[in-house]
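The exercises below are to be worked with the sequence and the structure in view. Each task is followed by a solution in steps.

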Amino acid sequence: MTAKVFYGSPHQARLSADETLPAKLDLILNELHLRDRVKDELVCLKLHVGNNIGYSVIHPVFVRKVVQAIKDGGGKPFIVDVDWDVAGCETRGYTNEVLGCPVFPAAGLKDTFYYEHEREYKNIKTWKVAGMVQDASFMVNFAHIKGHPSCGFGGVFKNIALGCMVGETRGKIHDTNHFDKYWFKEKCSDQAVMQKIVDSCPFGAIVFDKKDPNELHLHFEPCNQCGRCLKVAPAGSLKIAPVNFHSFQEACAISTAITLSTFAKEKVVHLALATHQTPVCDCFGFTGMPILNDEGIFGGDDIVAVEKAVLDKTANLPLLLENIPDCMEAQDIEGHPYAKLHGPYKDPYLVLRYGEKLGLGSQDYELVNVLPYERKPTAGTYYISAK
Ligand code: SF4
C-alpha cells in the first residue's frame with residue numbers, strides 16, 4: 001500500500017512566518033491527526049538532544065509545537081534520549097520550562113532501567129530497550145537529519161535504533177562491524193609491512209591492536225573505503241568488505257523493529273527535520289558547517305516511507321564541498337551525497353531496505369507537500385539608476 005509522507009519545503013514564496021518550517025510542522029501534525037490520536041496516551045517524544053556545544057539539533061521552537069499538540073490532544077508527553085546526552089541538555093535549551101514537558105534519560109539515571117528482548121544477530125543475543133520508551137503507550141519519533149560515520153546518514157531509523165537502547169546494546173550494535181573477520185595475520189607477519197598499512201590510511205582508520213601487536217584493528221567510522229590500504233597490504237591479508245559495513249545498518253533495522261514491536265502500529269509517528277545537515281552525528285558534541293542545503297520537514301506513520309522520502313529529496317542536493325572538514329574527503333562516485341562523503345559501503349538506503357524486509361513499512365510512498373507554491377512569472381527587470 002502506498003504510504004503518505006507529508007512534506008514541508010524550506011522554500012518560501014513570501015517573507016511570511018506561515019511559510020516557514022515551524023508553521024509547516026503544524027500543518028504536518030494536522031495531517032497526521034496527532035491531537036486526535038494521543039488522548040490519555042503516555043507519549044514518549046524521542047529526540048536527539050545533542051551533546052556538549054552542538055547547536056544543530058532540533059530547535060526548541062519545533063519541539064514545543066509537538067509537545068503542545070500532544071497536550072492539546074489530552075496526551076501526557078515526555079522527552080527521552082540517551083543518558084549522556086540528556087545530562088547537560090539544559091545548556092542547549094532543552095528544559096521543561098522551554099519545551100513544556102520533562103526530559104528524561106531513556107533508561108534512567110544509571111542506564112539500568114530496561115527490558116530485555118532475545119534475538120540473535122552476529123555478536124548480539126540480548127537487546128535492552130530503554131524502560132522509559134517501552135513503558136510509553138505512544139511514540140513520536142522526531143529525528144534531525146545529518147551524516148553518520150557508521151552508516152553515512154542518521155535519520156528516523158537511527159534515532160530509534162541507537163537512541164532507544166541502553167549503552168551496552170548501542171556498543172554491541174557498533175561492534176557488529178568487527179564480527180566478520182577482516183585481518184588475516186597469517187598472510188602478513190612482517191611488522192614493517194603492517195606499519196606501512198597503518199601509515200597508508202590518511203584518516204587514521206587502521207591501527208595496531210592494543211592487545212596484540214600482530215593484529216590490526218580497523219576503526220570503521222573514519223574509513224571511507226578509499227582502498228589506499230589495499231594497495232599496500234599483501235594479497236588476502238586485509239579485507240575492506242561490504243559485510244562488515246552493512247552489519248551496522250542491519251543491526252539498526254533489527255533494533256528499530258524490536259523497539260517498535262513494543263507499540264501498537266497506529267501508535268507511532270515519525271518526523272524528520274532536514275536542516276543544518278552536518279557531516280557526522282549530533283553525538284559528537286559540536287556543530288560544523290552544513291554539507292547539504294536544508295531540505296525541509298517530513299512526517300508520516302510509515303518509518304520506511306519517511307526515511308526513503310528524506311533520502312530521495314536529499315539525493316540530488318550537491319555536496320557543499322567547501323564545508324567538508326579537511327580530515328574528510330568526498331569521493332567522485334555514484335550514489336547519495338552521504339555515500340560520497342562516507343563511502344559506497346555506507347549507502348544510507350540500506351537501513352530502510354533491511355527495515356522493509358522486516359515488515360516495518362514500504363518504500364512505496366506518495367509525497368504530499370503541505371504548502372505547495374508556484375513561482376509567479378514576473379515582468380522583465382527595469383532597474384532605476386541610483387544616480
Ligand atoms: S579503505 Fe581507505 S579509509 Fe579505509 S582503512 Fe583503507 S585507507 Fe583507510
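**Exercise 1.** Determine in which sense strand 2 and strand 3 pair, and over how many bridges.

*Solution.* In this predicted model, strand 2 covers residues 42-46 and strand 3 covers residues 76-81. The two strands run in the parallel sense and are joined over 5 bridges. Within this pair, Val 43 is placed opposite Pro 77 of strand 3.

**Exercise 2.** Classify the orientation of helix 1 and helix 3 to each other, and describe their contact.

*Solution.* Two packed helices are described by the angle between their axes and the distance between the axes. For helix 1 and helix 3 (residues 60-72), the axes come within 10 Å and cross at roughly 25°. Angles under 35 degrees count as roughly parallel. Helix 1 and helix 3 are therefore roughly parallel to each other. Their crossing is right-handed. On the side of helix 1, the contact involves Pro 22, Leu 25, Asp 26 and Leu 29, which meet Val 61, Phe 62, Lys 65, Val 66 and Ala 69 of helix 3. By class, the residues of this contact are 7 nonpolar, no polar and 2 charged.

**Exercise 3.** Carry out the analysis for helix 11 and helix 14.

*Solution.* Helix 11 spans residues 242-260 and helix 14 spans residues 350-357. The two pack at an angle of about 45°, and their axes are 8 Å apart. Helix 11 and helix 14 are therefore oblique to each other. The crossing of helix 11 with helix 14 is right-handed. Helix 11 contributes His 246, Gln 249, Glu 250, Cys 252, Ala 253 and Thr 256, which meet Leu 350, Val 351, Tyr 354 and Gly 355 in helix 14. The residues of this contact comprise 5 nonpolar, 4 polar and 1 charged.

**Exercise 4.** Describe how strand 5 and strand 6 are paired and connected.

*Solution.* Strand 5 (residues 114-121) pairs with strand 6 (residues 124-130) in the antiparallel sense over 6 bridges. His 117 stands opposite Trp 127 in strand 6. The two strands form a hairpin with 2 residues between them. In the turn, Lys 122 has a positive phi of about 50°.

**Exercise 5.** Describe the residues that surround the ligand.

*Solution.* The ligand is surrounded by 14 residues, the closest being Cys 201, Ala 205, Cys 223, Cys 226 and Cys 229. Sorted by class, this shell has 9 nonpolar, 4 polar and 1 charged residues.

Definitions and conventions
Residues are numbered from 1 along each chain as its sequence is written. This is a predicted model: local features need pLDDT of at least 70, side-chain atom pairs count only at pLDDT 80 or more; totals for chains, interfaces and linings use all residues. A residue is near a molecule or strand if its C-beta atom, placed from the backbone, lies within 6 Å of it. Ala, Val, Leu, Ile, Met, Phe, Trp, Tyr, Cys and Pro count as nonpolar, Asp, Glu, Lys and Arg as charged, and the others, Gly among them, as polar. Axes are lines fitted to C-alpha atoms, for helices over the stretch in contact, and angles run from 0 to 180 degrees between N-to-C directions. Helices (H or I, at least four residues) and strands (E, at least two) are DSSP runs, numbered from the N terminus. Angles under 35 degrees count as roughly parallel, over 145 as roughly antiparallel, 65 to 115 as roughly perpendicular and the rest as oblique. A crossing is left-handed if the near helix is turned anticlockwise from the far one by less than a right angle, and right-handed if clockwise. Two residues are in contact if their C-beta atoms, placed from the backbone, lie within 7 Å. Two strands pair if DSSP finds at least two bridges between them.
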